[in-house]
Amino acid sequence: MSFDEPSGHIVATAFAAYPDRAIHLANLCIAYSSQYERNGVAIDLDYAISYGAQAVAATPIGHPHRAIYLNNLGHACRLRFERAGVAADLHHAIAVLDQAVAITTAGHPYRSAALSNLGLAYQRRFERAGAMADLDNAIGLGQLAVDTTPPGHPYRAKYLSNLGLAQLWRFERTAVTTDLDSAIVLLEQAVAIDHPNPAPILSNLGIACQRRFERAGVTTDLDRAIEVLTEAVDTTSTEHPHCAMYLSNLGITYQSRFQRTGVTADLDRAISTLGQAVAAAPADHPDRAMYLANLGIAHRLRAGLATDLDHAVDVLKKAVSATPADHPNRARHLGNLGITYLSRFERTGAAADLDHAIDIAEQAVVATPTDDPNRAMYLSNLSIAHCSRFERTGEATDLDYAIHIGQQALDATPTDHPNLARHLSNLGTAYRLRFVHVTEATSDLDHAIDTAGQAVDATPADHPNRATYLANLGIGYLLRLGSDRRGVDRMNVSILATGLATAGSAPPADQVRAGHVIGLLAQAVNDHALAVEVLDAAVALVPLVAPRELGWEDKEYSLGLHYGLVSEAVAAHCAIDDPTGAVEVAELGRGLLLAAQLDVRTDLTDLDKALPHLAAPLRQARELLNTPHATADQLPMSSPGQNDDRKRQWAEHDELLTQIRQHRGFDRFLLAPRWTDLQPKLTGGTVIMISSGQQRSDAIVLTHNTAPLLIRLPDLARSDVDTHAQAFLEASYDDGLAGILRRQRIISETLAWLWDTIVYPILSATLLHNSDGSLPRVWWQPTGLLGLFPLHAAGHPGKPGALDTVISSYIPTLRALTHSRTRPPATARRQLTVALHHTPGLRDLTGTVAEATTLHTQHPDMPLLLNETASTDRVLAALPGSTWAHFSCHAGIDFTVPSRSGLHLHDGILALPQISRLQLPHAELAYLSACSTAHRGSRHVDESLHPASAFQLAGFRHVIASLWPLADHIAATAATTFYQHLPSTPTADHAATALHRTTCALRTQHPSRPDLWAALIHSGP
């Protein structure tokens, strides 16, 4: 039966003249309270309190039922406080419950209920105001309630649960573990008693077990927590007022298991469950802020998605806004918001986020009592935020303050606390930064290494954070090797490698980082075999760093964090004279975004013939995966919901691949190719891979019929590569007169350096030649920052160089080259020409219209798209019908987020993701007469993310592009000359030769200006 106000009023009125009126009013109070506890309708509590107060008022002092009615009224007032957060309700609850206890003597049948309810009210006031006296009262009263309730009593389980929850709160405030152990014992006793409403007891036990896991790290506690919390959720209707609380408790427990095991499915479950908790909580519920905060933390932990960080900031801001300034939870919400702002700053570099992180972290510290166990965590968070600000501004006082408060955090952390390792690691980071950038004092480095070592020792072998702490210790060792080499030998490195081998629960990104550092250490102590083992394992994990379900921008960010890894792995293989292994590890770890796209575009003809029942669903799955994450006018960034959909689609795709590979002849279907798979396809010339690591630099010469030839490059130092790359990039984008003069000088110096250290040593060792006297073809495959340089134009002014020795092309990977060779040449030339003399917001390109008009006159196959007609929609619509495409326009290069790079059209940028997701089966040649269309972001050089690679991925077999901005008249001359050197056939297989002749002609016209003739490069077969 359910009650509403009219029916309740009728009942109350009907018994108005009865002498037992108080009993009926009290029953109405109980009925409305119970109805609220079933359906969560807040107005029921108003009725319950009204009738409860009337029942008390109608009952004289000394009446044997007065204590019962007071107890009922106090219970209803506490429920309304829990629902609405009005402090007056809680104070009233305590007052009337205190009266109830005062008038019940020992042996009174309702004394235990009054004691327990009063204790619970005091506990709620502690939760709201933080006064320890209230919590002590709660525990004392709760203990009396249990002591006065015999076994078998129907309410004993409830009283045990209330007492256990109070002791859990005392642990939260004091960190005394005996309180936590006692809480779990009491709650297990309560659960063991058969109770008609077990959900709240189960939930209390679950959260206590989760807290003990966080404190002690015993996984059985975590398993128990998930077990009982799942049961609590399963036995509670979605309309129940506590449903949101049970869901939130279960969600944070899944999150805890993710943080301990690294299993992303648990984090996905946490986010889903916590989202349900927020949705189930009314907008004005006082606990909604806590549910929002829990959801925000989970979103922050889900690495890879920028939108997760944005969502985390949004919901945590709401949590802070919804929490009163004097609420005990406010510091916790501030602390979480601060660390989330810091995480977003690390992702985006937005200075405002860093300022917010520091300001909010300081507020969290100020809002926390000095004896609160959480204060150490807030201090450590503030310390690491100041480290980040130092790295941005170079202000040494930030580091000094970071060390000061980091030490405070460490001093306030018990030696058995689970946060000890984190606080040690953060302090060590501050010391390391001060050593490197400020003091160079060995004492700072010693402190950094000591604290990093203690962090490793304080972390269980299978803990997900262990890889991070191993990496930090390894960085300290590397610095010591560069300083005085004290105490760093093969044994130290071997111990680190062994530790990493057991850190399989760490996130892949952390394992890759640690493997990179330990691999560098192994090479530095000349343990090259160990370096190969560790670095190969790290490279093999790189694809997992950027899960395929993420959007392009999220993936490129994740991959960019591990710049330089592949170069070091190649160097390690070369150090043990294993060029084949070097080639294979380079193929495995470079061009991952391109390889993933190629995988879902591989021709399925053979599969159609042999396994049509699997080919059809695979084709359907690939069509879904080839659809964009966002519409064309949106950034290529995935959202959490899209991420879940992609994850499911990829799982279905991978299951199909598993089935396909079980059939004969398809056992390596879409697996990464081996050298033996690739070598037979390298006909028509020579591929030269070049790599530079910290300890050595090498080239590997590859042909279709000889073993890989390893050539040591002793004069190529990694530090020189970094220096030249920085100077080269700075010179390429300075358009002032001084910048142009500087560019002339820098490019000339760079070409000479490339010839002396790389190109000449390689060509003199290989003695490449063709029997007919023509220049041999070479495909350059540079790794790392070497991919920024014009190797094809290396040489000294006025002397023979690379242009006089070979005809050059560039490839990102061997797989990309072999893929382009499998595509059939075009059988017809349908020329699309796009040119913009005027682009809104950019300088005019005076030579583009004449350049485009001349080409269109010769090949009027398709409409000429000029200026206003050259919009993104029209270009995207025209490309599928073309086989040749010429773009004469500005290009936009974003070095931080390469996927935002593209071609400037009249109404916006034609971005890399928009280009690359095209599938143009008949595309032959794309000529990108635009500035820097082959330029890679410095942190993404191994991914080859630039407009040229995007057009290749779209289907163009040959692409002509530029490494730096060219003068307008030079670009027009180059394009005209290039087309004149091409045969009038639909195919462009002479593109490399035509470009070579074009470059030579420009060099003849401008012999001292390589900045005018060395920029254009060819990619393709």
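Because the model is predicted, local features were considered only at pLDDT of at least 70 and side-chain atom pairs only at pLDDT 80 or more, whereas totals for chains, interfaces and linings use all residues. Residues are numbered from 1 along each chain as its sequence is written, and side-chain values use heavy atoms, with hydrogens and water left out. The average pLDDT (the predictor's confidence in each residue, from 0 to 100) is 88 for the chain, and 92% of the residues score at least 70. Over residues 629–638, however, pLDDT stays under 50, and for this stretch the model has 29 contacts (heavy atoms within 4.5 Å) beyond four places in sequence. Where pLDDT is low, the predicted coordinates should not be read in detail.

Helices (H or I, at least four residues) and strands (E, at least two) are DSSP runs, numbered from the N terminus. Strand E12, residues 925–929, is largely enclosed by the rest of the structure, because 5 of its 5 residues are buried, where buried means under 20% relative accessible area, exposed over 50% and partly exposed in between, for a 1.4 Å probe and protein chains only. Leu-925, Tyr-927 and Ser-929 point one way from E12, while Ala-926 and Leu-928 point the other way, and all are buried. Two strands are taken to pair if DSSP finds at least two bridges between them. E12 pairs in the parallel sense with strand E8 (residues 884–888) over 5 bridges, with Ser-929 of E12 as the bridge partner of Ser-888. E12 also pairs in the parallel sense with strand E13 (residues 958–962), here over 3 bridges, and Leu-925 stands opposite His-958 in E13.

Among the helices, H19 (residues 396–411) has 16 residues and reaches 23 Å from its first C-alpha to its last, close to the 22 Å expected at 1.5 Å a residue, the expected span being 1.5 Å times one less than the number of residues. The buried residues of H19 include Asp-398, Leu-399, Ala-402, Ile-403 and Gly-406, and the buried residues of this helix pack against helix H18 (375–393) and helix H20 (420–439). Helix H28 (residues 579–589) is largely enclosed by the rest of the structure, because 8 of its 11 residues are buried; among them are Pro-579, Val-583, Val-585 and Glu-587. H28 is followed by Gly-591, whose phi is positive, near 60°.

A nonpolar core is a set of buried Ala, Val, Leu, Ile, Met, Phe, Trp, Tyr and Cys residues joined through side-chain atoms within 4.5 Å. In the largest such core, which has 141 residues, Leu-168, Leu-342, Leu-500, Val-570, Val-687, Leu-702 and Leu-814 touch the most other members. Helix H25 (residues 528–545) gives the most to this core, with 9 residues. Leaving aside its neighbours within four places in sequence, Val-687 has contacts that include Leu-682, Ile-700, Leu-702, Trp-779, Ile-811 and Leu-814. A second, separate core of 60 residues includes Ile-688, Trp-753, Leu-803 and Tyr-927.

A search of the whole structure finds 14 aromatic pairs, in which rings of Phe, Tyr and Trp (its six-membered ring) have centres within 6.5 Å, planes under 30 degrees apart counting as stacked, over 60 as edge-to-face and the rest as tilted. The rings of Tyr-155 and Tyr-159 form an edge-to-face pair, with centres 6.2 Å apart and planes at 65°; Tyr-155 is partly exposed at 45% relative accessibility, whereas Tyr-159 is buried at 3%. The rings of Trp-753 and Phe-789 are also edge-to-face, with centres 5.4 Å apart and planes at 75°. Because Trp-753 lies in helix H35 (residues 737–766) and Phe-789 in the loop between strand E4 (777–782) and strand E5 (807–810), this pair ties together parts that are 36 residues apart in sequence. Trp-753 is buried at 9% relative accessibility, and Phe-789 is buried with a relative accessible area of 1%. Phe-728, Trp-753, Phe-789 and Trp-964 form one aromatic cluster.

Positive phi angles also occur at residues that are not glycines, including Ala-175, with a value of about 65°, and Glu-440, with a value of about 55°. Ala-175 is placed in the loop between helix H8 (156–174) and helix H9 (177–192), and Glu-440 in the loop between H20 and helix H21 (442–457). Glu-440 is exposed, with a relative accessible area of 61%.
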